Amino acid sequence: MAEEAILGYLATSEEIPDSGQFASQHGFQHNDVVNVIKSLHGFRYIDAQDIKRESWVLTDEGKMYAADGSPEVQLFLAVPQEGSISKDELQKKLEPSVFKIGCSQAGKNKWVDMGKQVSRKVQHVEDKVKDLLIRIQKGEALGKDDINSLKARKLIVAQTWKGYSVKKGPNYAPTRKKVATDLTRENLQRGDWKELEFKEYNFNAKGPPAEAGHLHPLLKVKQQLKNIFLQLGFEEMPTNNFVESSFWNFDALFQPQQHPARDSHDTFFLEVPSTTRELPEDYVKLVKRVHESGGYGSRGYMYDWKREEANKNLLRTHTTAVSTRMLYALAKQPFTPKRYFSIDRVFRNESVDRTHLAEFHQIEGLVCDKGLTLGDLIGVLNDFFSRLGMSKLRFKPAYNPYTEPSMEIFSYHEGLKKWVEIGNSGMFRPEMLLPMGFPEDVRVIAWGLSLERPTMILYGVDNIRDLFGHKVDLSLMKRNPICRLGID
Ligand code: FB9
């Protein structure tokens with residue numbers, strides 16, 4: 001429609017000086033004309049030049065006065081030709097803003113005598129303001145002073161009108177030639193490819209966005225944590241066994257069999273297979289002894305340690321169970337210092353709430369070397385967490401059955417403006433390490449945190465159920481820029 005009109009008009013005229021007038025003269029929306037002009041300009045059928053025009057438009061208040069008359073005239077007309085009217089009476093007859101502005105303007109124009117009684121001082125008045133506003137609505141140009149007085153009363157505001165002047169372009173034709181965007185078999189068979197005009201290839205055009213898979217935020221943060229551990233010279237422990245025996249998950253960690261965490265309120269025990277098939281018998285004897293009567297300077301827990309309790313299979317409650325297996329294996333070899341880490345799922349029979357599910361990902365790091373001290377642990381923690389953007393750490397004494405001393409780790413989180421508990425740590429007890437066969441002076445410092453908490457804080461996820469499970473909003477994943485963890 002608009003295209004034919006523009007190309008048709010240029011067939012007989014040199015130029016379309018103003019797309020705005022052209023649109024109103026031909027009954028088109030200026031916007032449609034502009035879109036056609038841009039497209040025809042793109043194909044060089046026409047040459048379009050921008051033209052701008054400053055114009056004035058009425059504010060909502062201006063529109064009201066253009067419709068109902070200026071407030072000063074409305075007030076004047078409300079005052080009786082003869083005699084007077086009380087100010088209160090008058091006020092009741094008019095809108096509050098009209099009365100207020102009307103009083104000051106009519107007073108200024110000396111049209112009325114404003115006392116307790118209000119009376120006219122002139123017989124007749126012109127509503128110049130209304131006339132000026134209507135003329136602007138008609139697009140007429142007004143004199144500077146009139147514009148300034150209306151502007152001063154915030155009845156009009158400036159508006160820039162953008163349009164185009166159009167001339168014929170190098171590819172001008174009265175109608176747009178269908179340009180072929182593809183050479184098809186049919187073109188070749190029909191041989192009409194000779195006449196066809198092909199659209200130029202736009203090698204800068206972006207192809208359709210490739211809908212690819214997206215990493216779940218947990219996996220993005222997991223990868224970044226892995227990179228930190230690897231940069232610090234840690235090796236990843238194999239965590240591909242969710243099912244574990246109570247022995248490696250608890251007993252080997254010197255966690256007594258009557259410890260509350262070992263009952264089904266906190267732990268998922270397996271029905272099938274309910275018991276583990278094999279354990280290293282010599283080592284089991286040493287674990288049994290240290291639980292029952294201590295040794296290595298410890299008095300143990302002095303209770304009857306039961307093999308069948310240790311045999312029970314469960315869903316691991318922490319990846320520390322994997323650390324136990326790896327340390328036991330390490331103790332079998334000639335001693336070499338080691339740094340190990342694990343990041344994988346653990347299961348706890350806990351009540352589900354905003355930050356707790358029955359499973360989460362535990363992150364664990366450990367350093368095994370001779371003569372390590374609590375100072376070394378604090379040092380490693382500062383190094384590790386500083387790479388997560390958490391520099392200011394505080395430590396609070398804590399208790400774990402398998403570490404002594406133990407510390408909860410806190411960091412001041414700028415965004416949340418508060419100290420956040422960011423993990424737990426400690427030095428594995430000799431009752432755990434020596435039965436494995438480690439030399440006296442070998443120490444193992446370790447710490448743990450969750451993957452979900454940092455991911456929730458970094459992605460601003462308030463409820464863990466929005467991060468994990470069927471309620472996850474996939475679009476959130478798609479549009480969430482990979483967040484950088486305080487590194488670069
Ligand atoms: O992750 C936790 N908090 C955290 C971590 C990082 C973080 O980053 C933000 C970007 C700034 C924010 C918060 N916590 C550990 C602390 C709390 O959330 C705590 O309430 C919940 N804890 C889980 C266990 O809940 C029962 C988080 C989980 C946890 C706790 C302890 C360990 C591992 C995971 C451990 C250990 C350990 C100790 C000694 C030796 C070896 C392992």
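This is a predicted model: local features need pLDDT of at least 70, side-chain atom pairs count only at pLDDT 80 or more; totals for chains, interfaces and linings use all residues.
Visitor: How far apart do the C-alpha centres of domain 1 and domain 2 lie?
Guide: The chain is divided into domain 1, made of 1-70 + 127-208, and domain 2, made of 218-479, with bounds that come from an automatic or database domain assignment. The distance between their C-alpha centres is 68 Å.

Visitor: Which strands stand at the edges of the seven-stranded sheet?
Guide: Helices (H or I, at least four residues) and strands (E, at least two) are DSSP runs numbered from the N terminus, and two strands pair if DSSP finds at least two bridges between them. The open sheet has mixed pairing and the order β9-β12-β13-β17-β16-β15-β14. Each edge strand has a single partner, so one side of it is left without a neighbour in the sheet, and these strands are β9 (235-236) and β14 (393-400).

Visitor: What angle does helix α16 make with β17?
Guide: Contact means heavy atoms within 4.5 Å, and angles run from 0 to 180 degrees between N-to-C directions of lines fitted to C-alpha atoms, for helices over the stretch in contact. Helix α11 (residues 217-231) packs on this sheet against β9, β12, β13 and β17, with its direction at about 165 degrees to that of β12. Helix α16 (residues 374-386) touches β13, β14, β15, β16 and β17, and its direction makes with that of β17 an angle of about 35 degrees.

Visitor: Which residue is the bridge partner of Y412 in β16?
Guide: Strand β15 (residues 403-413) and strand β16 (residues 418-428) run antiparallel and are joined by nine bridges. In β16, the partner of Y412 is W419.

Visitor: In the sheet of three strands, which residue of β6 is the bridge partner of I16?
Guide: This open sheet has antiparallel pairing and the order β1-β6-β2, with β1 (15-16) and β2 (46-58) as edge strands that each pair on one side only. Two bridges connect β1 to strand β6 (residues 156-168), and in β6 the partner of I16 is V166.

Visitor: At what N to O distance do the side chains of K167 and E15 meet?
Guide: A salt bridge is a side-chain nitrogen of Lys or Arg within 4 Å of a carboxyl oxygen of Asp or Glu, and by this rule the count comes to 25. One of them joins K167 and E15 at an N to O distance of 3.8 Å.

Visitor: Where is K154, whose phi is positive?
Guide: Most residues other than glycine have a negative phi, and most peptide bonds are trans. Cis bonds join V272 to P273, with omega about -5 degrees, and E404 to P405, with omega near -5 degrees; P405 lies in strand β15. K154 has phi near 50 degrees, and its place is in the loop between α9 (144-152) and β6.

How values were computed. Residues are numbered from 1 along each chain as its sequence is written. Side-chain values use heavy atoms; hydrogens and water are left out.
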